[in-house]
Amino acid sequence: MPRTTLITNITSLVTNDPAQGDGTPLGLLTDAAVVLDGETIAWVGPAAKAPSADETYDAQGRAAIPGFVDSHSHLVFAGDRTQEFNARMSGRAYSAGGIRTTVAATRAATDAELEANLTHYLTEALRQGTTTFETKSGYGLNTEDESRALRIAARHTDEVTFLGAHIVSPDYAEDPAAYVDLVTGEMLEACAPHARWVDVFCEKGAFDGDQARAILTAGKAKGLHPRIHANQLSYGPGVQLAVELDAASADHCTHLTDADVDALAQGNTVATLLPGAEFSTRAEWPDARRLLDAGATVALSTDCNPGSSFTSSVPFCIALAVRDMGMTPDEAIWSATAGGAAALRRDDVGRVVAGARADLAFLDAPSHVHLAYRPGVPLVSEVWRRGARVA
């Protein structure tokens, strides 16, 4: 039978429950305690009011936060793009065409090699506090390699996204329409059983608005819910299409019109910001402040991929968001936890509340603010996932 565990002596606890503590969106508690019942949180509150439990664990005065929810990553791949990064940092602009390099390496890799790579980066992310993650296909771009990528990913997470529409496959460079037919037909048929989401890179050099609509609509008809790479490199129709189709998230959101911001603020689509991409490409930063002030829901994620954002560190992305995107430390931590959960339409993760999954990250610091205050320092000292200490 599951045993209960009382975690006490938590100096500062982010719950993301406004009914707790200071009444802000973070629901910040001081001198806090948490009771775990197996994989689930049973109780949260002041340590002085904590109920008894089968076991007691001393947090030793550290701060605690919900495990990070990384709602956008590309982890099923092979190969390396160091030379591309080096060239870009020497003055070459990023373009979507670099994806083809990874496609060739991924197609050539064995299943075992792809899974070993995936688990390596998942372990790396877990050590940095990520307890829930989404990941995509998109480096196969043919039916066989897209479906095997999703099968591999599904062994490690429920949040699997079909991204056959990452770019037009090099096999169809002269006939993009035929590739869209493949993605919405045979490829979708093979991939849908292994995925929860369907995604498309709606951008110049990838897929236009009409193509993106066709792909996402076909995915919905197969029971997959939409999310969209939108407005990363230029202004475009991606955000408006995301809101129209009730996509869970519009990801990147760097180039937005006032109408785009209003649509996100009034709809149910989360604006997922990916500062690792701007850092790694020296591109314009997304304006988080503009979105937040308009009332949009914002998530922060790593976009971990070998080409444009090769980081698995949510704390690093939090520091970038605070330094360069106009977010406060409180907004950034919320967006990397509860915001990520909203981008996956989940309410069982990203919060420390009774009934939620028992996912916690402990910091060698007195406050979550240190994640931005001390950038680059490995502050995550311990991670609990589903009620067990895993890092």
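How are H4 and H5 oriented to each other, roughly parallel or oblique? In this predicted model, H4 and H5 are oblique to each other, where oblique is what remains once angles under 35 degrees (roughly parallel), over 145 (roughly antiparallel) and 65 to 115 (roughly perpendicular) are set aside. The model is a prediction in which local features need pLDDT of at least 70 and side-chain atom pairs count only at pLDDT 80 or more, while totals for chains, interfaces and linings use all residues. Residues are numbered from 1 along each chain as its sequence is written, and side-chain values use heavy atoms, with hydrogens and water left out. Helices (H or I, at least four residues) and strands (E, at least two) are DSSP runs numbered from the N terminus.

**The parallel sheet**

- Eight strands form an open sheet with parallel pairing, in the order E6-E7-E8-E9-E10-E11-E12-E13, and two strands are taken to pair if DSSP finds at least two bridges between them.
- Strand E6 (68-70) and strand E13 (298-300) stand at the edges, each with a single partner strand, so one side of each has no neighbour in the sheet.
- Neighbouring strands of this sheet are turned against each other by 25° on average, with direction ignored.
- Strand E7 (residues 130-136) runs parallel to E8, to which three bridges join it, and E8 is in turn joined to strand E9 (residues 197-202) by three bridges, again in parallel.
- Strand E11 (residues 249-252) and strand E12 (residues 270-273) are likewise parallel and joined by three bridges, with Ser 249 standing opposite Val 270 in E12.

**Strand E8 and Thr 161**

- Strand E8 (residues 159-165) is mostly covered, since seven of its seven residues are buried, with buried meaning under 20% relative accessible area, exposed over 50% and partly exposed in between, for a 1.4 Å probe and protein chains only.
- Thr 161 lies in this strand and is buried, with a relative accessible area of 0%.
- Lys 136 stands opposite Thr 161, and in E9 the bridge partner of Thr 161 is Trp 197.
- The side chain of Thr 161 also makes a polar contact of 2.6 Å with the side chain of Glu 134; such a contact is a pair of N or O atoms within 3.5 Å, where within protein one must be able to donate a hydrogen and the other to accept it, and residues adjacent in sequence count only if both atoms are side-chain atoms.

- E8, helix H5 (residues 176-191) and E9 make a right-handed β-α-β unit, a term used when, with the strands pointing away from the viewer, the path from the first strand over the helix to the second runs clockwise.
- The axes of helix H4 (residues 143-154) and H5 come within 9 Å and cross at roughly 40°, the axes being lines fitted to C-alpha atoms, for helices over the stretch in contact, with angles from 0 to 180 degrees between N-to-C directions.
- The crossing of H4 and H5 is right-handed, meaning that the near helix is turned clockwise from the far one by less than a right angle.
- In helix H11 (residues 314-324) the buried residues include Val 314, Pro 315, Cys 317 and Ile 318.
- At the start of H11, a side-chain oxygen of Ser 313 reaches to within 3.1 Å of the backbone nitrogen of Phe 316, and just after the helix Gly 326 takes a positive phi of about 85°.

**The antiparallel strands**

- Strand E14 (residues 360-363) and strand E15 (residues 380-385) pair in the antiparallel sense over four bridges, and Leu 360 stands opposite Trp 384 in E15.
- E15 also pairs in the antiparallel sense with strand E16 (residues 388-389), over two bridges, and in E16 the bridge partner of Arg 385 is Ala 388.
- The hairpin of E15 and E16 has two residues between the strands, and in this hairpin Arg 386 takes a positive phi near 50°.

- Asn 231 lies in the loop between strand E10 (225-230) and helix H7 (238-244) and counts as buried at 1% relative accessibility.
- A polar atom of the Asn 231 side chain lies 3.3 Å from the backbone oxygen of Gly 236, and the backbone oxygen of His 255 lies 3.0 Å from a polar atom of that side chain.
- Arg 100, in helix H2 (residues 99-108), is partly exposed with a relative accessible area of 37%.
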